[in-house]
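Me: I want to check the labels on this one. I will ask what lies behind each term, and you set the value against the cut-off.

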Amino acid sequence: QVQLVESGGGLVQAGGSLRLSCAASGRTFSNYAMGWFRQAPGKARDFVATISRSGIITEYADSVKGRSTISRDNAKNTVYLQMNSLKPEDTAVYYCAAGSYSAQKGTYNYWGQGTQVTVSS
């Protein structure tokens, strides 16, 4: 089992920045690719970004590409999502997940509880 706890969400004005963190415990963190997904009210949970086990390879959704950076620190068992130039449409609950390197949520076995990000216009 892998336990994931997200933090760093909050209320920010459009154009601002946030850094989300996801702390993992349980099984070996570096054995898993990590992903960030988000879910707005009434919508499906969508892919945001993923990072390989080593941290060398990353992939982003078009909606956040160029504005967000995913990174990980395997020594600290933590994955991060730096989000810049935030827009109101970025408002959602953000979830981190552990699993296989993919943009498909079905390939992730473990999920955190989520952290709310609200961007005001």
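Me: What makes the side chains of strand 1 (residues 2–7) alternate?
Reply: This is a predicted model. In it, Val2, Leu4 and Glu6 point to one face and are buried.

Me: Why are strand 1 and strand 3 (residues 18–26) called a pair?
Reply: Pairing needs at least two bridges. Strand 1 and strand 3 have 6 bridges, in the antiparallel sense, so they pair.

Me: Which residue stands opposite Val5 in strand 3?
Reply: Ala23 stands there.

Me: Ala23 also touches Thr78. Is Thr78 buried or exposed?
Reply: Buried means under 20% relative accessible area. Thr78, in strand 8 (residues 78–83), has 10%, so Thr78 counts as buried.

Me: Which other residues does Thr78 touch, beyond four places away in sequence?
Reply: Among them are Cys22, Phe29 and Arg72.

Me: How do you know that Arg72 lies over the face of Phe29?
Reply: CZ of Arg must be within 6 Å of the ring centre and within 35 degrees of the ring normal. Arg72 is at 4.4 Å from the ring centre of Phe29. Arg45 lies over the face of Tyr95 as well, at 3.6 Å.

Me: How many aromatic pairs are there?
Reply: The count is 5.

Me: Why is the pair of Phe37 and Phe47 called edge-to-face?
Reply: Centres must lie within 6.5 Å, and planes over 60 degrees apart count as edge-to-face. Phe37 and Phe47 are 5.8 Å centre to centre, with 70° between the planes, so the label holds. The pair links strand 4 (residues 33–39) and strand 5 (residues 45–51), with the two residues 10 apart. Phe37 is buried at 1%, and Phe47 is buried at 14%.

Me: What about Tyr108 and Trp111?
Reply: They are edge-to-face too, at 6.2 Å and 65°. Tyr108 is buried at 5%.

Me: Which aromatic residues form one cluster?
Reply: Phe37, Phe47, Tyr108 and Trp111 do.

Definitions and conventions:
Residues are numbered from 1 along each chain as its sequence is written. This is a predicted model: local features need pLDDT of at least 70, side-chain atom pairs count only at pLDDT 80 or more; totals for chains, interfaces and linings use all residues. Side-chain values use heavy atoms; hydrogens and water are left out. Helices (H or I, at least four residues) and strands (E, at least two) are DSSP runs, numbered from the N terminus. Buried means under 20% relative accessible area, exposed over 50%, partly exposed in between (1.4 Å probe, protein chains only). Contact means heavy atoms within 4.5 Å. Rings of Phe, Tyr and Trp (its six-membered ring) pair if their centres lie within 6.5 Å; planes under 30 degrees apart count as stacked, over 60 as edge-to-face and the rest as tilted.
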